[in-house]
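Here is a quick tour for anyone meeting this protein for the first time. Have a look at the sequence and the 3D view, then read on.

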Amino acid sequence: MRNSILALFMFVGLGILSAQEMTPTKLYEIIEKEADTVKVNGNQYQFLFNEAMLICVFDENANRMRIISPIVEREKLGEEELLNALVANFHSALDVKYALSDEIIWSVYTHPLKELSEHQVVDAIQQVYAAALTFGSSYSSTNLVFPGNKKKVEKPKAKPLKKT
């Protein structure tokens, strides 16, 4: 009896571990269910979610994936918006972060590919979308906010330079 119970736990445990191994095919199937349209380009899935463009980029060899959405060109922003995005990265962007690449502000979710669950992919899509949508207002990816400094704009204090 004891061996039967142990064997059952091992079988269930192995089933759970193998069920969580995300592949590009599984990732595509999840995105296809959630998205309005999907376009495949090599190791990228470009898709529309509630009329917003999102891109999923993955690398099986590096075991990484990211879901991103372009928000605005850097030149169209002032210092205040950039500081608000940095504060939001700590308090309200949660699993998504605001990032700058190629002079574009993006909302970005990154995660190891194989360890992703279907629920995490769906949640990532929703958070990337929400963070892009709320940039400039609440800067949030969900309704949750970590407590702490909620005052967004803080002027950096100039540090005096030491002369040598």
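Which strand do the buried residues of α3 pack against? They pack against β5. Before going further, keep in mind that this is a predicted model.

## The overall layout

The protein is built from four helices and six strands.

Of the 164 residues in the protein, 34% are buried. The accessible surface comes to about 11000 Å², and carbon and sulfur atoms account for 56% of that. As for how the chain meets itself, take the contacts between residues at least 6 apart in sequence: 59% of them join residues at least 24 apart.

## Helix α3, up close

Back to the helix from the opening question. The buried residues of α3 are Asn84, Ala85, Val87, Ala88, Asn89 and His91, and β5 is what they pack against. In an α-helix, residues three or four places apart point the same way, because there are 3.6 residues a turn.

With 13 residues at 1.5 Å a residue, α3 should span 18 Å, and its end C-alpha atoms are 19 Å apart, which agrees.

In soluble globular proteins, nonpolar side chains tend to be buried together. Here the largest nonpolar core has 33 residues, and the ones that touch the most other members are Leu27, Ile31, Phe47, Met65 and Ile67. At least two residues of this core come from each of α2 (24-34), β2, β3 (52-59), β4 (64-73), α3 (79-91), β6 (104-112) and α4. The biggest giver is α4, with seven residues.

Setting aside neighbours within four places in sequence, Met65 is in contact with Leu27, Cys56, Val57, Phe58, Tyr109, Thr110, His111, Leu113 and Leu116.

## Aromatic pairs

How many aromatic pairs does the structure hold? There are six. In one of them, the rings of Phe49 and Tyr129 sit with their centres 5.3 Å apart and their planes at 80°, so this pair is edge-to-face. Phe49 belongs to strand β2 (residues 44-49) and Tyr129 to helix α4 (residues 118-134), so the pair ties together parts that are 80 residues apart in sequence. Both Phe49 and Tyr129 are buried.

Tyr98 and Phe135 make another edge-to-face pair, at 5.2 Å centre to centre with 70° between the planes. Tyr98 is in strand β5 (residues 97-101) while Phe135 is in the segment after α4, so this pair links parts that are 37 residues apart in sequence. Tyr98 and Phe135 are both buried. Elsewhere, Tyr28, Tyr45 and Phe58 come together as one aromatic cluster.

Beyond its neighbours within four places in sequence, Ala124 is in contact with Ile67 and Tyr109. Tyr109 is 15 residues away along the chain, yet the C-alpha atoms of Ala124 and Tyr109 are separated by 6.4 Å.

Ser107, in strand β6, is also buried, with a relative accessible area of 0%. A polar atom of the Ser107 side chain lies 2.8 Å from the backbone oxygen of Val128.

Most residues other than glycine have a negative phi. Asn50 has a positive one, near 50°. Asn50 is in the loop between β2 and β3, and its relative accessibility of 44% makes it partly exposed.

Leu94 also has a positive phi, near 50°. Its place is the loop between α3 and β5. Leu94 is buried, with a relative accessible area of 17%.

Note on methods. Residues numbered from 1 in each chain as written. Heavy atoms only, no water. Phe/Tyr/Trp six-rings, centres within 6.5 Å; stacked < 30°, edge-to-face > 60°. Buried < 20%, exposed > 50% of the residue type's maximum accessible area, 1.4 Å probe, protein only. Contact = heavy atoms within 4.5 Å. Core = buried A, V, L, I, M, F, W, Y, C linked by side-chain atoms within 4.5 Å. Areas by Shrake-Rupley, 256 points an atom, 1.4 Å probe, with all protein chains shown as cover. Expected span 1.5 Å × (residues − 1). Polar contact = N/O pair within 3.5 Å; in protein donor to acceptor, adjacent residues only side chain to side chain.
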